[in-house]
Amino acid sequence: TKVDAGTTEVEIVFDVKLSTTPIITISPGDFINGNYRYTDVDESGFKLELSEAQATDVVFSWQATLTN
């Protein structure tokens, strides 16, 4: 998922609605200024937020894991 330069958030929507709220793991593909986090997690997706807008686009890898 790409966070465009100059922005601080992106919404990720899953292709299909999941059966339960997943555990989210995220990682930037490059160094970033500031911090990052995920919020608003539910069966449909989540929001990725940066504490500071970046000068260049940043690609994040993420995984949604279902648990019992």
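Predicted model: local features only at pLDDT ≥ 70, side-chain atom pairs only at ≥ 80, totals over all residues.

Me: How many helices and strands does the protein have?

Reply: The protein has 0 helices and 6 strands. Helices (H or I, at least four residues) and strands (E, at least two) are DSSP runs, numbered from the N terminus. Along the sequence the pattern is therefore β-β-β-β-β-β.

Me: How do you know that β4 and β5 pair?

Reply: Two strands pair if DSSP finds at least two bridges between them. Between β4 and β5 there are 5 bridges, so these antiparallel strands meet the criterion. Within this pairing, Tyr36 stands opposite Leu50 in β5.

Me: What makes β2 and β4 edge strands?

Reply: An open sheet of 3 strands runs in the order β2-β5-β4, with antiparallel pairing. Each of β2 (9–13) and β4 (36–42) has a single partner strand, so one side of each lacks a neighbour in the sheet. From one strand to the next, the twist averages 20°.

Me: Which strands form the open sheet that includes β1?

Reply: The order there is β1-β6-β3, again an open sheet of 3 strands with antiparallel pairing. Its edge strands are β1 (2–3) and β3 (23–28), each pairing on one side only. The pairing of β1 with β6 (residues 58–65) rests on 2 bridges, and the bridge partner of Val3 in β6 is Val58.

Me: Why is Phe46 called buried?

Reply: Buried means under 20% relative accessible area, exposed over 50%, and partly exposed in between (1.4 Å probe, protein chains only). Phe46 has a value of 2%, and is therefore buried. Phe46 lies in strand β5 (residues 45–50). Leaving aside neighbours within four places in sequence, its contacts (heavy atoms within 4.5 Å) include Ile24, Ile26, Thr39 and Trp62.

Me: Why are Thr39 and Asp40 classed as they are?

Reply: Thr39 belongs to strand β4, and its relative accessibility of 14% is under the limit, so Thr39 counts as buried. Asp40 is also found in strand β4, but at 55% Asp40 counts as exposed.

Me: What makes the phi of Asp40 worth noting?

Reply: Most residues other than glycine have a negative phi. In Asp40, phi is near 55°, a positive value in a residue other than glycine.

Me: What makes a group of residues a nonpolar core, and which residues make up the largest one?

Reply: A nonpolar core is a set of buried Ala, Val, Leu, Ile, Met, Phe, Trp, Tyr and Cys residues joined through side-chain atoms within 4.5 Å. The largest has 11 residues in all, among them Val3, Phe46, Leu50, Val58 and Phe60. At least two residues of this core come from each of β3, β5 and β6, and the largest share, 3 residues, comes from β5. In soluble globular proteins, nonpolar side chains tend to be buried together.

Conventions
Residues numbered from 1 in each chain as written. Heavy atoms only, no water. Axes fitted to C-alpha atoms, helices over the stretch in contact; angles between N-to-C directions.
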